[in-house]
Amino acid sequence: MIDVAVLTPDPADPSYAGQWPGVLDRLSAALATAGIKARPTPWTDHVETAHGLMDFPLVLPLIVWGYHRDHDRWIEACVTWAEAGAPLANPAEVLRWNSDKRYLAKLAEKGVAIPPTIWTDHASPAVVEAAFAATGAEQLIVKPTVSGGAWRTLKVAAGDLLEQVLTEAPDGGAMIQPFLPTIATAGETSLLFFGGELSHVVNKRPAHADEFRIQVQYGGQYQRLDQAPEGALSLAERTLAAIDEPLLYARIDMVPDADGQWLLMEAELIQPDFYLSSAPEAGARFGRAVADRLGL
């Protein structure tokens, strides 16, 4: 078997200690189908030097959970890896810019449809009040531009006591979007790509109508779809074309608006959950994509 590195969380961060080993097991099983062995190593062991990564033919940063809470070090690590020419998949420069959701604004400039978004350096009550006035929305989503797993993401209603609600708001850069009620009725749909080819599609819905978060820790329900809904694949392909990078993997998340137009919520190019528990047959496809990248 050929060894590849899989980057894992900071050992000093206990937040994910009970979760990431199971994800590593699924990834390891997927890679094993192609004769590849996953060697886990914490990403925080390779911030100042890439020396420990250079003996691997490929490094997969697929479980770097928690990097958003240590973003300065994450940026430092990405620069280190890029300068050393470490064999990261996806490229280290992609891992850098994809860690800040302001990349969505650049994709929008290239014609990719995203929800109406107000970008701010600080989500103060005055900024949120202005966002209500500008959008006419009854509810807004306020989330950090550097985030993960709905961390510090809020749903705010018109008339809320903002000083109280926003005590949990992001400290730094934030994005403010009108709440899309279709998240409850249609959910968020994810298209998974391996080696540039569509692998599988998963629909994710919140636990109930009042919930906006679709992550499993909030009760989200996931279902594999037999094919991409009409128009969804087109948006995903436009997104990947606008990114125009040699991506080994990508997860393109989207939601329809009230008129049925698909809107890009996120292009997850760092540590996407592949939802292999919902689509176990996709593991072998990922294994083949990695083997192809390695020339096996």
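This is a predicted model: local features need pLDDT of at least 70, side-chain atom pairs count only at pLDDT 80 or more; totals for chains, interfaces and linings use all residues.

Reply: A strand here is a DSSP run of E with at least two residues, a helice is a run of H or I with at least four, and both are numbered from the N terminus.

Is Lys 204 buried or exposed? Lys 204 counts as buried because its relative accessibility is 1%, and buried means under 20%. Leaving out residues up to four places away in sequence, Lys 204 touches Gly 187, Glu 188, Ser 190, Ile 214, Gln 221, Tyr 222, Arg 251, Asp 253 and Tyr 275. As for a position elsewhere in the chain, Ala 50 is 154 residues away from Lys 204 in sequence, and the two C-alpha atoms are separated by 36 Å.

One of the residues that Lys 204 touches, Tyr 275, deserves a look of its own. Tyr 275 lies in the loop between β12 (262-268) and α9 (282-294), and its phi is positive, about 55°, although the residue is not a glycine. With a relative accessibility of 5%, Tyr 275 counts as buried.

Ile 243 and Glu 245 belong to the lining of the second largest pocket, as do Arg 96, Trp 97, Asp 100, Arg 102, Tyr 103, Lys 106, Leu 107, Lys 110 and Ala 242. The elements that give two or more residues to this lining are α3 (92-97), α4 (103-109) and α8 (232-243), and the largest share, three residues, comes from α4. The pocket has a volume of about 240 Å³, and its lining divides into five nonpolar, no polar and six charged residues. In the loop between α2 and α3 lies Asn 90, which is joined to Ala 89 by a cis peptide bond with omega of about 10°.

The count also gives one cavity of 30 Å³ or more. The largest cavity holds about 30 Å³ of space, and its lining consists of Tyr 67, Asn 98, Ser 99, Lys 101, Ser 147, Glu 266, Glu 268 and Ile 270, which divide into two nonpolar, three polar and three charged residues. Ser 147, a lining residue of the cavity, is also in contact with His 68, whose other contacts beyond four places in sequence are Tyr 16, Val 146, Gly 148 and Trp 151. His 68 lies in the loop between β3 (59-60) and α2 (71-84) and is buried, with a relative accessible area of 6%.

These local views belong to a chain with nine helices and 12 strands. Buried residues make up 53% of the 296 residues, and among contacts between residues at least 6 apart in sequence, 71% join residues at least 24 apart. The C-alpha trace spans about 60 × 40 × 35 Å along its principal axes, and the radius of gyration, 19 Å, agrees with the value near 19 Å that a compact globule of 296 residues would have. The accessible surface comes to about 13,200 Å², with 49% of it belonging to carbon and sulfur atoms.

Definitions and conventions
Residues are numbered from 1 along each chain as its sequence is written. Side-chain values use heavy atoms; hydrogens and water are left out. On a 1 Å grid over the protein atoms alone, a cavity is a set of points where a 1.4 Å probe fits but cannot get out, and a pocket is an open set with protein on both sides within 12 Å along at least five of seven lines; lining residues have an atom within 4 Å of a point. Grid points are joined across faces, edges and corners, and a volume is the space filled by probe spheres set on the points. Ala, Val, Leu, Ile, Met, Phe, Trp, Tyr, Cys and Pro count as nonpolar, Asp, Glu, Lys and Arg as charged, and the others, Gly among them, as polar. The radius of gyration is taken over C-alpha atoms; the globule rule is 2.2 Å times the number of residues to the power 0.38. Buried means under 20% relative accessible area, exposed over 50%, partly exposed in between (1.4 Å probe, protein chains only). Contact means heavy atoms within 4.5 Å. Accessible areas come from the Shrake-Rupley method with a 1.4 Å probe; for residues, only the protein chains shown count as cover.
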